[in-house]
Amino acid sequence: MLPDLPERDDADQSSPVRPRREFLKNAALFTGTVALLGGGLELLTRRPGAAETEPGELFAQGRRPLGPYDTAEAITPSAQATTYNNFYEFGVSKDAPARLAGSLKTRPWTVLIDGEVRKPLRVDIDTLQSWFPLEDRIYRMRCVEGWSMVLPWLGFPLAALLRRVEPTGQAKYVKFTALYDPKQFPGQRGSLLDWPYVEGLRLDEALHPLTLMAVGLAGRVLPNQNGAPLRLVVPWKYGFKSIKSVVRITLTREQPRTTWASAAPDEYGFYANVNPAVPHPRWSQATERRIGELRRRPTLPFNGYADQVAHLYTGMDLRRFF
Ligand code: MTE
């Protein structure tokens, strides 16, 4: 039976007020991401002096101008972004991924890209990420459970990868499959979900410049609990679409059967665009709680990305295609 995705964020937050120290530390790490643009990904060490700068100040000083896809909102501290996670392969509690994911083996790691493409390929993760300049993107992330974060990802647009494999004229959707390995994933030893975790996008959604394949977070190699070594990030959709630990990307003619939409079709649609006007059967979607804040804030259509993505859904009834 499908577990409730419990809205336990309020109860779980031992310290709802963001500790300034962590915030500054995060800012220092973020400073480092600038150095990674166009370069390889490596573990960063804090630069002396950088810890005194908050992200907003970085932009004000013009050292790292906001990119066209970045939000200027305060970044969620790494300490929270890496300890409050949904990764059901490690269990249902928010702290299980941080406790258990350390042992996940992310090298060697191979990604297969196949289906309706002219140039299918199987590639090692390090080779894959060397093909593209890495970009940092500060995105909002809104979970269907009613909490949200602001996360500084590092990755490459999925469109760049898809162009490389040359989709055929028959390709209409993209299916993503996460690693299946019950030896490493205790959650996969039970039947909580139909493993492996599968997600999907329409091809035009996958090609949208906001759609990112992330390999890093806050200036560091992506922590295992956040979906190492490769995860999808689709910021205008509920977080469950952003599948972690991807091993296969398949272009298809038909809409793929996705994990949550098959488990509870009345609760989780294929589209899952953030929509404050369409309540989930168990949770209103009108408001959200930003992790680190006390008050709830209004949820924005398409998670605040309507200007960039609403045109993808022109003429669609978003209550039916939820
Ligand atoms: N990907 C896999 N493979 N397994 C999961 O359980 N959970 C999803 C998504 N990707 C999940 C997944 C859900 S419900 C959310 S809200 C986000 O990951 C959470 O991402 P975060 O833990 O990095 O914040």
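Student: What makes Glu135 and Arg137 a salt bridge?

Tutor: Their closest N and O atoms are 2.7 Å apart. The cut-off is within 4 Å, between a side-chain nitrogen of Lys or Arg and a carboxyl oxygen of Asp or Glu. So the pair counts as a salt bridge. Keep in mind that this is a predicted model.

Student: Why is Arg137 called buried?

Tutor: Its relative accessible area is 4%. Buried means under 20%, so Arg137 qualifies.

Student: Why is Glu135 called partly exposed?

Tutor: Glu135 has 26% relative accessibility.

Student: How many salt bridges does the structure hold?

Tutor: It holds 17. One of them joins the side chains of Asp114 and Arg248, at 2.5 Å from N to O.

Student: What parts does the pair of Asp114 and Arg248 tie together?

Tutor: Asp114 lies in strand S1, residues 110-115. Arg248 lies in strand S10, residues 246-252. The pair therefore ties together parts 134 residues apart in sequence.

Student: Are Asp114 and Arg248 buried or partly exposed?

Tutor: Asp114 is at 12%, under 20%, so it counts as buried. Arg248 is at 35%, between 20% and 50%, so it counts as partly exposed.

Student: What makes Glu288 and Arg142 a salt bridge?

Tutor: Their closest N and O atoms are 3.1 Å apart. That is within 4 Å, so the pair qualifies. It links strand S11, which holds Glu288, with strand S3, which holds Arg142.

Student: Why are Glu288 and Arg142 called buried?

Tutor: Glu288 has 3% relative accessibility, and Arg142 has 0%. Both values are under 20%, so both residues count as buried.

Conventions:
Residues are numbered from 1 along each chain as its sequence is written. This is a predicted model: local features need pLDDT of at least 70, side-chain atom pairs count only at pLDDT 80 or more; totals for chains, interfaces and linings use all residues. Side-chain values use heavy atoms; hydrogens and water are left out. Helices (H or I, at least four residues) and strands (E, at least two) are DSSP runs, numbered from the N terminus. Buried means under 20% relative accessible area, exposed over 50%, partly exposed in between (1.4 Å probe, protein chains only).
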